[in-house]
Amino acid sequence: MTWNTSYRGDGTVRADAALPEPPPWRTFPVRSAAEVFEPPTGLTEAVNAALALRRPLLITGGPGTGKSTVIEQVATELALGPVLRWHVTSRSTLGDALYRYDVLGRIHAHRLQQETARGGGEAGTDDIASFLTLGPLGTALLPSSRPRALLIDEIDKADLDLPGDLLDVLERGEFRIAELLREEQRSAWVRTWESEDRRLVENGHVQCTEFPFILMTSNGEQELPAPFLRRCVRYSMPLPTAGLVRNVVRRHLDLDVGESGPAAELVQQFVQRLAGGESLAIDQLLATLHLLSGPNGSESAERERVVSLLMRDLSGA
């Protein structure tokens with residue numbers, strides 16, 4: 001096994017205790033999974049269809065099936081730049097994804113300017129651009145020479161109105177910033193989702209020149225409206241085969257599972273449990289194999305405890 005019993009539960013301080021090396025996917029800064037992702041059958045066709053049709057790609061599948069990893073591989077292979085990410089919750093709104101206006105910050109700054117002016121100082125300028133930040137979707141829709149890559153993660157967790165709200169923006173590839181339209185200063189250098197990078201927005205209007213590659217993921221927790229689905233290329237992640245899982249293990253752990261042995265049995269059990277309707281993620285299997293495949297030996301009972309600990313069904317508590 002690759003671990004040791006660093007923690008013994010006896011309260012004794014061991015400052016020189018050796019800690020195990022982290023698995024490859026838990027080293028920081030996190031490395032891209034683009035090189036080790038193994039696309040299942042039909043996924044490359046779905047990606048190419050979405051790219052050709054300039055439509056969002058909606059991928060449905062259980063947790064840990066690699067849905068969100070797809071966009072990293074596409075963005076890397078096609079040089080689309082860093083992936084923009086919008087993690088959807090039940091409180092997410094379209095406005096948050098397009099841009100954010102810090103109205104309270106502007107009011108506070110205006111009051112400070114007034115106090116400065118009353119004190120005889122220079123009041124400065126009231127620049128609305130300082131309080132505007134484009135969201136991930138708004139940044140993806142900026143004019144560009146190549147499409148940007150945008151992940152809309154777990155769209156099925158959204159409020160029921162959000163998919164409908166997205167339709168017009170995804171069809172037209174544009175939006176307007178109402179706060180700029182109300183101001184005499186209609187053109188402004190606005191911060192983007194990417195740190196302090198600023199882009200010029202003219203007349204309060206953002207219009208894409210290259211429709212972004214948008215990948216939306218869904219765990220299938222709620223039905224999405226038909227008009228929304230009609231505008232997407234859809235793909236469902238299939239149940240993995242033993243051969244696919246062995247390739248994933250080899251890429252991530254540089255471990256040849258083979259057709260027999262304890263690791264092969266664990267892979268086969270993983271595939272069978274998925275086929276039986278259990279909810280498991282591939283990273284659970286990778287973590288288990290990482291711990292069990294090291295040079296340190298282990299008793300059978302200990303191995304069983306590790307498997308029981310890490311390979312629990314995700315649908316239960």
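Reply: Buried means under 20% relative accessible area, exposed over 50%, and partly exposed in between (1.4 Å probe, protein chains only). Helices (H or I, at least four residues) and strands (E, at least two) are DSSP runs numbered from the N terminus. This is a predicted model, in which local features need pLDDT of at least 70 and side-chain atom pairs count only at pLDDT 80 or more, while totals for chains, interfaces and linings use all residues. Residues are numbered from 1 along each chain as its sequence is written, and side-chain values use heavy atoms, with hydrogens and water left out.

Me: How many residues of helix 2 are buried?

Reply: Seven of the nine residues of helix 2 (residues 69-77) are buried, so this helix is largely enclosed by the rest of the structure. The buried residues are Thr69, Val70, Ile71, Glu72, Gln73, Val74 and Ala75.

Me: Against which elements do the buried residues of helix 2 pack?

Reply: Contact means heavy atoms within 4.5 Å. The buried residues of helix 2 pack against helix 1 (43-53), and also against strand 1 (57-60), strand 2 (84-87), strand 5 (149-153) and strand 10 (213-218).

Me: How is the packing of two helices described?

Reply: Two packed helices are described by the angle between their axes and the distance between the axes. Axes are lines fitted to C-alpha atoms, for helices over the stretch in contact, and angles run from 0 to 180 degrees between N-to-C directions. Angles under 35 degrees count as roughly parallel, over 145 as roughly antiparallel, 65 to 115 as roughly perpendicular and the rest as oblique. Here, helix 9 (residues 242-253) packs on helix 11 (residues 282-292) at about 55°, with the axes 11 Å apart. Helix 9 and helix 11 are therefore oblique to each other. Val245, Val248, Val249, His252 and Leu253 of helix 9 make the contact with Ile282, Leu285, Leu286, Leu289 and His290 of helix 11.

Me: Which classes of residue form the contact of helix 9 with helix 11?

Reply: Ala, Val, Leu, Ile, Met, Phe, Trp, Tyr, Cys and Pro count as nonpolar, Asp, Glu, Lys and Arg as charged, and the others, Gly among them, as polar. The contact of helix 9 with helix 11 has eight nonpolar, two polar and no charged residues.

Me: At what angle do helix 11 and helix 12 cross?

Reply: The axes of helix 11 and helix 12 (residues 300-310) cross at roughly 160° and come within 9 Å. That makes helix 11 roughly antiparallel to helix 12. Gln284, Ala287, Thr288, Leu291 and Leu292 in helix 11 meet Arg303, Val306, Val307 and Leu310 in helix 12. This contact has six nonpolar, two polar and one charged residues.

Me: Which backbone values deserve attention?

Reply: Most residues other than glycine have a negative phi, and most peptide bonds are trans. Arg54, which is not a glycine, has a positive phi of about 55°; Arg54 is found in the loop between helix 1 and strand 1. At 43% relative accessibility, Arg54 counts as partly exposed. Glu154 likewise is not a glycine and has a positive phi of about 60°, in the loop between strand 5 and helix 6 (162-172). Glu154 is partly exposed, with a relative accessible area of 25%. The peptide bond from Phe28 to Pro29 is cis, with omega near 0°, and Pro29 is found in the segment before helix 1.
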